[in-house]
Amino acid sequence: MAGHPTRPSVTFCHEARRNCLLRPSELITDTLITDYFAADREDYRTFLVPPFVQRDHFVTFNALFPSARSDYVAWKPTTDLNLLTPNRKGDERVGSESHRRFRRTQIEMKSSIIQKTKFPTNCSMLGGVAAGLLAALPALAGSDNVNVNNKVAHVLLISVDGMHQSDLAWYAQNFPKSTLASLLAQGVDYSNASTPYPSDSFPGMVGQLTGGNPATTGIYYDDTWNHAVFPVGTTNCSGPVPGAEVAYTEFDDINLGALDAGQGIVQVGVPDPWVNILKMTGNPKTVINPLNLPVDPTNCSPIFPNQYLHVNTVFEVVHGHGLRTAWSDKHPAYQALSGPSGKGVDEYFTPEINSSANPAAPTDPSQPDWTTNNLLTQKYDNYKVEAVVNWINGHRHDGSGNPGTPAVFGMNFQTVSTGEKLPTSPTNTDPSGNATGGYLADGATPGVVLTNALTFVDNSLGQMVAALGSKGLLSNTAIIISAKHGQSPMNLAALNRINDGMIISDLNAAWNKSHQGGNPTAPPLVAFGVDDDNMLLWFNDRSSTATEYAKQFLTKYSKAAASVDGKKVYSAGLIQIYTGVSAAQFIGVAQSDPRVPDLIGIAQYGVVYTSHQSKIAEHGGDHLEDRNVPILVVWPGATAGLNVTDPVETTQIAPTILQLLGFSPDELQAVKIEGTKPLF
């Protein structure tokens, strides 16, 4: 490593230099730059023009943390690099335009302060052909010239979980006769769209159907902690409320090992145990076990998913106007989308994705589930496609009856998500299981498994469009394609899988020793944590002493054994830490909110928190690849082939749906609270 300059000590700060991440001086190497600066897909070696401290040298790289609101970068050669972030305003919610607008950063390698330059569109992040496709489309900065004529009778909403905007552009360019290419040519492509933060499935879907971010909806993740509820199974609610885990996941099911969630229609000992799965109940409450739900201290009753939501949903508004609604998703817990009234969705189809996919043991929760093999995920998703086609044809999800095509309906796809996460998987053309998942070495081009997954989704969309055509509904139906979240990292070279269980265990042990006298019966500092490619922690002790201690501990954490991949670990894999008041401000709520995490850690690019090597990407974080997803809207009378490059949010889908149907977006509570605008 001779000849490399010593890396300056680096400080990432916010709120007048409080809550800083401080890293020790290290020697600069290609590996360290990859691990440390996480310079996305651009050539990080441009940082290594020796001796860069002695010359004026400009480089550009993608903003490491879009959440940082700094307008300036200060560079002091051989001493430090300060990314200074001003105070977050307490009333600013994550996901708001100023928070979410992604930037490119120019760093001048000399002792001066320069202003960052903003980039309002993500074309530079795409592969060459994908960027070329967007450049070929008519482009508008905003939506003023979007044709908003032709109200519709039906809206079909599709969430392709994990899909990036770059995936849509790439696929349409490389498969010009595909359904996605056709829809892109007919509709309006909002190519600079972002999900809420955290970029998890639950707040992502809730945002699309309420118009609200987590601060308004109360939905931070699918598995969280609430300091103001009793644990599952509580029957006596006297005394202090201890707080408890709130899991709206497969763990709510009567039997999480069965595709029908325990309804009893999955057959054991037959060639196809799932032959009757479309007969699964349209009311998921019947397959949710109340004993698996957190308990409300005010009435000592289980809190069903819909009751946990603070605001109403699109489904509730549309149902209230006497129109039919339907939705298909991956857990019965998506019953939350019915909203506080519980009446929003007339009919669900919610087969459990984390159930056994082994036909020899189809109700055994210990068996591999439908996400462990991309072809199995496709099979799982296809059940939901059948349900959507039955809805299009005016039937119930099982094909029975003729209640009519719903006014608002749709489904989520999981296939692209597992195509990005799985290191290897069988495909239609390679059953060996050795085909690689994720992206090619350029970090932009989908690999074999992911391409196969995108093709499955495209073919499925083709079935839906064909069914709409056969039913004569294309002239009065809008199709909206988006995603609950993206996935990161796309560049496999940046992947650093870090054992978060080890980090939390070490944090609890250190806290116990320093503040609890080594008492083995004392409650751990961390009450609960959820870490995918971000870190959310809830503490038993919410004092500033505790949160400050945790921040400093994680800042200094560099235990090499924590990396599953044998890479270096800096600051527990985090690039920015918010604690206590700053964590609450980051979300946009008061610190007294019993749902808000006590610590929010923004992960370095490439970090995935896991104790194994069975996945190569995750979501939940604040990186561009976690949050830049498609919004494609196709409806009769649309300005065909238009590319809108202004930043938009997936929360804007909700008021857009109501506008397309001829209803007031202000009927949504979150829209009124946040001022969420329709897309056009």
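**Loops, a disulfide, a pocket and paired strands**

Pro489 is found in the loop between β22 (477-482) and β23 (496-498). In this predicted model, a cis peptide bond joins Ser488 to Pro489, with omega at about 0 degrees. A cis peptide bond also links Tyr197 and Pro198. Here too omega is about 0 degrees. Pro198 sits in the loop between β12 and α6 (201-210).

Backbone angles mark two further loop residues. Ala261 is not a glycine, yet its phi is positive, at about 65 degrees. The residue Ala261 belongs to the loop between β14 and β15. Ala261 is buried, with a relative accessible area of 0%. Buried means under 20%, so the value of 0% places Ala261 in that class. Cys300 also has a positive phi, near 55 degrees, and is likewise a residue other than glycine. Its place is the loop between β15 and β16.

Cys300 takes part in a disulfide with Cys237. A disulfide is a covalent bond between the sulfur atoms of two cysteines. The S to S distance in the link of Cys237 and Cys300 is 2.0 Å. The count for the model is one disulfide. The link of Cys237 and Cys300 is right-handed, with 85 degrees about the S-S bond. Cys237 lies in the loop between β13 (223-226) and β14 (244-247), and Cys300 in the loop between β15 (295-296) and β16 (301-302), so the bond ties together parts 63 residues apart in sequence. The two cysteines fall into separate accessibility classes. Cys237 has a relative accessible area of 18% and is buried, whereas Cys300, at 23%, counts as partly exposed. The cut-off for buried is under 20%, so 18% puts Cys237 in the buried class.

The largest pocket holds about 980 Å³ of space. It is lined by 36 residues, and the closest to its centre are Asn354, Lys421, Asp532, Lys615 and Glu618. Two or more lining residues come from each of α10 (415-421) and β24 (526-531). Strand β24 gives the most, with four residues. By class, the lining has eight nonpolar, 16 polar and 12 charged residues.

Helix α13 covers residues 544-556. Its 13 residues, at 1.5 Å a residue, should span 18 Å. Several residues of α13 are buried, among them Ala546, Ala550, Phe553 and Leu554. The buried residues also include Lys551, Thr547 and Thr555.

Strand β26 (residues 574-579) is mostly covered, as six of its six residues are buried. This strand, β26, pairs with β27 (residues 599-603) in the antiparallel sense over five bridges. Ile577 stands opposite Gly601 in β27. In a regular strand the side chains alternate between the two faces of the sheet.

Elsewhere, three strands form an open sheet in the order β29-β12-β32, with mixed pairing. The edge strands are β29 (628-629) and β32 (648-649), each of which pairs on one side only. Strand β12 (residues 193-194) and β32 pair in the parallel sense over two bridges. Ser194 stands opposite Glu649 in β32. The loop between β12 and α6 holds Pro198, the residue joined to Tyr197 by a cis peptide bond.

Key
Residues are numbered from 1 along each chain as its sequence is written. This is a predicted model: local features need pLDDT of at least 70, side-chain atom pairs count only at pLDDT 80 or more; totals for chains, interfaces and linings use all residues. Side-chain values use heavy atoms; hydrogens and water are left out. A disulfide is a pair of cysteine sulfur atoms within 2.5 Å. Buried means under 20% relative accessible area, exposed over 50%, partly exposed in between (1.4 Å probe, protein chains only). The expected span of a helix is 1.5 Å times one less than its number of residues. On a 1 Å grid over the protein atoms alone, a cavity is a set of points where a 1.4 Å probe fits but cannot get out, and a pocket is an open set with protein on both sides within 12 Å along at least five of seven lines; lining residues have an atom within 4 Å of a point. Grid points are joined across faces, edges and corners, and a volume is the space filled by probe spheres set on the points. Ala, Val, Leu, Ile, Met, Phe, Trp, Tyr, Cys and Pro count as nonpolar, Asp, Glu, Lys and Arg as charged, and the others, Gly among them, as polar. Two strands pair if DSSP finds at least two bridges between them.
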